[in-house]
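Biologist: Could you take me through this model, starting with how its helices pack and then turning to its charged pairs?

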Amino acid sequence: METHVRYVGAVTGLLRRPMASYYALLASTGLLLGLGLIMVLSASSIDSYANSGSAFTVFTKQLTFALIGIPAFWLALRLPMRVWPLLGWPLVVLATILLMLLPFLGKEVNGATLWLDFGFIQIQPVEVAKLALVLWGAAVLVRKRPLLTEWRHLAVPLLAGSVVLFGLVGLEDFGGMILLLFILIALLWTAGVRFRVFATLGAIGVVGLVPLIAGNPERISRLTTFTDPFAHQDDDAYQLVRGFYSLGSGGWWGLGLGQSREKWGNLPEAHNDFIFAVIGEELGVLGCLVVVGLFAVLTWAGMRIASRVDDPFRRLVASAGTVWLAGQALVNMGGVVGLLPITGVPLPLISAGGSSLVLTMFVIGMLASFARHEPEAVLALHARGRAWWVRWAGIPLPELPGRPGRARQALRSGRTGRPLGRSTHHRARTGGRR
């Protein structure tokens, strides 16, 4: 019992360290990305060989996008804090233009037009729309913070702009629209909007979803087959049922890496939307629990960042960005195991897909940058100095809070070499004043 208490105390002490959210975010992201590359290779090897004569075609593309995602992560980590609020409006305009181009330049895959094909690159506009809503929505809410009790200040421009994005995305991508709704709810909740506003928005949202569902036979079939998939296993629920077989055959420990049977032409989109089923088949329940646990760590790190930053804009962005990634993982895994209708959204950092992976890496870099700007983390970073790899990567130290002279004097005195208590944190924020 005493040993157990000692271990719990050690873990709790680690989680209370100033840089805990930063390292937890990096560790969970790196492990998910590495596991994703391995599983994409395993899940796509058969189809890749059948279509191109090489088992590494899809994996090579995914590895390329992962290598592109690393500079995207680095760029987000280096951007000055003053730049983030300025990106909202340009990204909203860009996302709107890209979404309006989809009917004319879009590439249809599996009955849905979700990609813009410019020859040398393919872009999924919904990924740009998610990032745009996070940054733009946070900037608008911070600017209108004293007026959020008045409906007209919520309706213009935030709700009006959100409806435009929802409509443009929802025409082709129902899952993407649901994720945009998650982001909007996270922004409004973190901003402290009253509950009655949520009730009204919920009613409006339900009314708006009805025509988007009723006007698309495929969406209706997904909802009707979701309740009894085995009654439709030969047509509309074929992918879902094959996913059940894939998960069920893995047992507790799995069949072994690369030993999936369903990926031999039975399970559609095995390397993409249903890669979680292949994980369950090859790595078993244990592998699925590891994936769920890593996403739980990533979510904890993001919410910890949102609760510890001292800037309202960063708090809103961190909260919405975390809900975006966690919600997308939940919707994907919930659809694969049959708890939610299938929406076609990829599993972040694991499913094959270039736009999703690069934007996800950029968002994680943004969260990591915010983690380095937590008040206690800033003091800890200045106390220890920059590591050689941080200097090599050109990542600057965040600015000290309060009066620079007194903060640096406190650092030289050695008082910030340990996790800060409440009184030390208060002195840091107020420049040492009582």
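**Helix packing and salt bridges**

Modeller: In this predicted model, helix 10 passes helix 11 in a right-handed crossing.

Biologist: At what angle do helix 10 and helix 11 pack, and are they roughly parallel or roughly antiparallel?

Modeller: Helix 10 (residues 238-250) and helix 11 (residues 275-308) have axes 7 Å apart, and the angle at which they pack is about 30°. Because angles under 35 degrees count as roughly parallel, helix 10 is to helix 11 roughly parallel.

Biologist: How many residues of the contact of helix 10 with helix 11 are charged?

Modeller: On the helix 10 side the contact includes Gly243 and Leu247, which meet residues of helix 11, among them Phe276 and Glu281. The residues of this contact divide into five nonpolar and six polar, and the number that are charged is one.

Biologist: With which residue does lysine 263 form a salt bridge?

Modeller: Lysine 263 is buried, with a relative accessible area of 4%, and it lies in the loop between helix 10 and helix 11. Its partner lies in helix 11, so the pair ties together parts that are 19 residues apart in sequence. The closest N and O atoms are 3.4 Å apart, and the partner is glutamate 282.

Methods
Residues are numbered from 1 along each chain as its sequence is written. This is a predicted model: local features need pLDDT of at least 70, side-chain atom pairs count only at pLDDT 80 or more; totals for chains, interfaces and linings use all residues. Side-chain values use heavy atoms; hydrogens and water are left out. Axes are lines fitted to C-alpha atoms, for helices over the stretch in contact, and angles run from 0 to 180 degrees between N-to-C directions. Helices (H or I, at least four residues) and strands (E, at least two) are DSSP runs, numbered from the N terminus. Angles under 35 degrees count as roughly parallel, over 145 as roughly antiparallel, 65 to 115 as roughly perpendicular and the rest as oblique. A crossing is left-handed if the near helix is turned anticlockwise from the far one by less than a right angle, and right-handed if clockwise. Contact means heavy atoms within 4.5 Å. Ala, Val, Leu, Ile, Met, Phe, Trp, Tyr, Cys and Pro count as nonpolar, Asp, Glu, Lys and Arg as charged, and the others, Gly among them, as polar. A salt bridge is a side-chain nitrogen of Lys or Arg within 4 Å of a carboxyl oxygen of Asp or Glu. Buried means under 20% relative accessible area, exposed over 50%, partly exposed in between (1.4 Å probe, protein chains only).
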